[in-house]
Amino acid sequence: MTREQFISQVESIRSAFRRFLAALCCGRTELADDIAQESFVKAYLSIDTLSSPDKFESWVFRIGYNTFLSHKRSERPYATYSEAINTPAADRADAAFQYEDLYAALNSLSDRERTALLLFYLEDYSIKDISEIIEASDDAVKQLLSRGRRHLRSLLVSPTPPNPLSH
């Protein structure tokens, strides 16, 4: 694959890839952009390992998923006070709150459940493609989707508030 072909392929999947990573990172778009950039560099440097050009998209998504997992393993769980006080606020803070409940629910899922759900529902990938990306069997992907849906449903469906007039 030539450099120009690589760039063309990246351009064709860029928005879907970024959307997938942003959801995988639970709305942390700066982190998603960093992971996307790192993934594209890794893909470019290892383009000779791509067995078939028609598998480019799922190959890059697998690289992105693995890069996300690597980042998550190395991430410190808490910032120190001095780090937190010096962190600039996001420009689009209000927009981020629009999906806060969904991101919180997605964040509580396992990485594999979240990835399977996002690829299936957000990116419209087939079970076979997802199994290649996360390196699991088709049956394992089906179980992840089923469990993930059940977990999301239990997290997002709030009980009906009590009616004060029912006394």
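Biologist: What kind of model are we looking at?
Modeller: Residues are numbered from 1 along each chain as its sequence is written, and side-chain values use heavy atoms, with hydrogens and water left out. Local features need pLDDT of at least 70 and side-chain atom pairs count only at pLDDT 80 or more, while totals for chains, interfaces and linings use all residues, as this is a predicted model.

Biologist: How many helices and how many strands does the protein chain have?
Modeller: Both are DSSP runs numbered from the N terminus, helices being H or I over at least four residues and strands being E over at least two. Read from the N terminus on, the elements run α-α-α-α-α-α-α-α-α. The secondary structure therefore comes to nine helices and zero strands.

Biologist: Where in the chain is Glu-135 found, given that its phi is a positive value?
Modeller: Phi of Glu-135 is near 55 degrees, a positive value in a residue other than glycine. Asp-124 also has a positive phi, of about 60 degrees, although Asp-124 is not a glycine, and the place of Asp-124 is in the loop between H7 and H8. At 67% relative accessibility, Asp-124 counts as exposed. As for Glu-135, its place is the loop between H8 and H9.

Biologist: What is the relative accessible area of Arg-114?
Modeller: Arg-114 lies in helix H7. Beyond residues up to four places away in sequence, Arg-114 touches Ala-23, Leu-24, Cys-26, Phe-68, Lys-72, Leu-106, Asn-107 and Leu-109. Arg-114 counts as buried, and its relative accessible area is 1%.

Biologist: At what angle do the axes of H7 and H8 cross, and what is that arrangement called?
Modeller: Axes are lines fitted to C-alpha atoms, for helices over the stretch in contact, and angles run from 0 to 180 degrees between N-to-C directions. The axes of H7 (residues 111-122) and H8 (residues 127-134) come within 10 Å and cross at roughly 140 degrees. Arg-112, Thr-115, Ala-116, Leu-119 and Phe-120 of H7 make the contact with Ile-127, Ile-130, Ile-133 and Ile-134 of H8. Angles under 35 degrees count as roughly parallel, over 145 as roughly antiparallel, 65 to 115 as roughly perpendicular and the rest as oblique, so the crossing at roughly 140 degrees makes H7 and H8 oblique.

Biologist: Helix H9 covers residues 138-156; how is H9 placed against H8 and against H7?
Modeller: The axes of H8 and H9 come within 9 Å and cross at roughly 100 degrees, which makes H8 roughly perpendicular to H9. In that contact, Ile-127, Lys-128, Ile-130, Ser-131 and Ile-134 in H8 meet Asp-138, Val-141, Lys-142, Leu-144 and Leu-145 in H9. The axes of H7 and H9 come within 9 Å and cross at roughly 95 degrees, so H7 and H9 are also roughly perpendicular.

Biologist: How many disulfides does a search of the whole structure find?
Modeller: A disulfide is a pair of cysteine sulfur atoms within 2.5 Å. The sulfur of Cys-26 is 7.6 Å from the closest cysteine sulfur, in Cys-25, which is too far for a bond. Cys-25 is buried, with a relative accessible area of 4%, and Cys-26 counts as buried at 15% relative accessibility. Across the whole structure, the number of disulfides found is zero.

Key. Buried < 20%, exposed > 50% of the residue type's maximum accessible area, 1.4 Å probe, protein only. Contact = heavy atoms within 4.5 Å.
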